[in-house]
Amino acid sequence: MDDALECPDESLRIAVQRISKLPTIPDVAQKIMGMINDDITTIDKLEDVITRDPIISAKILSYANSAFFGMDQPTTVVSKAISRIGTNNVKNIALGISLMTMFDSPSMTKILDIERLFNHSLAVGMIAEFIMRRVYPNSGEEVFIYGILHDIGLIALNRYFPEQFSKVIIENKAGTPFIDAEIQIMGFTHAHIGMWLIDKWNLPNGISYTLLNHHTPALANTEREKTAVIHLADYIISERFFPITKSPGYRLDPVALDIMGLSPKGLEELTAKVVAHMISKGFDMCNPKIR
């Protein structure tokens, strides 16, 4: 997809040439992707796929036993976990875990807190779905997986460009907004390389377009509503709960509000509902994780 390579000075095109062995999508992820749009996937079939991957199984059980899903009695049975969370949610979470952990390796420089990143991404997906149902009640649920994968480019930067990414983090901590630091140091952003990844894996174009402009919905020509929703969800999580980095502030693109038909007062009211929803679900603002 040529649009994914349209960034300043073609820096991304040059950078990705250094990636000699891009991981292929795991068999588990491929099977789950085949189920994403299948509304009649049985719990038994989904359980059979998930239990083949111990990391995914453990995560699904952990979320099923969390306060977020309102369960007091823990379970160690994957089929019961699926029933608690819901088959569609489980498919999206499992796909996100599979894709986000495939870059991990014992020798990888740990610039990012991957656990924190995934909890952030999962929360963005959940909030995006919450917002979508209220602003666009007749729209599909795929925005959940868009939210889970919106920052997958950060993992690629952590894995393949640790030296440059470390400089971005340092510059960000010194007060430069994260996106500006990426452009200054690398010439491209995590959104650019994230879209490149989605394209290489042949995932749906909707994910690519939304991911590319999740910080800049004003630039979105397609999937504008979903891009605006992901942007707003990311903004709320970063400002009200926890950001991925110690950014001096997540810049809200006012065009996102125009796309969604939200006034400043409407944004304030919607944000209050989101925060109340997350807190009611057990999301601890002082110890941010799904637990």
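**View 1. Val78 sits in helix α5.** Helices here are DSSP runs of H or I with at least four residues, and strands are runs of E with at least two, numbered from the N terminus. At 8% relative accessibility, Val78 counts as buried; buried means under 20% relative accessible area, exposed over 50%, and partly exposed in between (1.4 Å probe, protein chains only). Setting aside neighbours within four places in sequence, Val78 touches Glu47, Ile50, Thr51, Ser57 and Leu61, where contact means heavy atoms within 4.5 Å. Thr51 lies 27 residues from Val78 in sequence, and the two are 7.5 Å apart in space, C-alpha to C-alpha.

A word on what you are looking at: this is a predicted model, in which local features need pLDDT of at least 70 and side-chain atom pairs count only at pLDDT 80 or more, while totals for chains, interfaces and linings use all residues. Residues are numbered from 1 along each chain as its sequence is written, and side-chain values use heavy atoms, with hydrogens and water left out.

**View 2. Helix α3 packs against helix α5 at an angle of about 120°.** Here α3 covers residues 43-50 and α5 covers residues 78-85, with their axes 9 Å apart. That angle makes α3 oblique to α5. Angles under 35 degrees count as roughly parallel, over 145 as roughly antiparallel, 65 to 115 as roughly perpendicular, and the rest as oblique. Axes are lines fitted to C-alpha atoms, for helices over the stretch in contact, and angles run from 0 to 180 degrees between N-to-C directions. From α3, the contact uses Ile43, Leu46, Glu47 and Ile50; from α5, it uses Val78, Ser79, Ile82 and Ser83. These residues divide into five nonpolar, two polar and one charged. Ala, Val, Leu, Ile, Met, Phe, Trp, Tyr, Cys and Pro count as nonpolar, Asp, Glu, Lys and Arg as charged, and the others, Gly among them, as polar.

**View 3. Helices α6 and α7 meet at an angle of about 150°.** The axes of α6 (residues 87-101) and α7 (residues 114-135) are 11 Å apart, and the two helices are roughly antiparallel to each other. On the α6 side you will find Asn89, Ile93, Gly96, Ile97 and Met100, which meet Leu117, Phe118, Ser121, Leu122 and Glu129 of α7. Six of the contact residues are nonpolar, three are polar and one is charged.

**View 4. The largest nonpolar core has 91 residues.** Such a core is a set of buried Ala, Val, Leu, Ile, Met, Phe, Trp, Tyr and Cys residues joined through side-chain atoms within 4.5 Å. Among the residues with the most contacts inside this core are Ile50, Ile93 and Ile131. Helix α7 supplies the largest share of the core, 11 residues. Leaving aside neighbours within four places in sequence, the contacts of Ile131 include Tyr136, Val229, Leu232 and Met260.

**View 5. Asn202 and Glu223 each have a positive phi without being glycine.** Asn202, with phi of about 60°, is in the loop between α12 (190-200) and α13 (205-212). Its relative accessibility of 67% makes Asn202 exposed. For Glu223, phi is near 50°, and the residue lies in the loop between α13 and α14 (224-241). Glu223 is partly exposed, with a relative accessible area of 27%.
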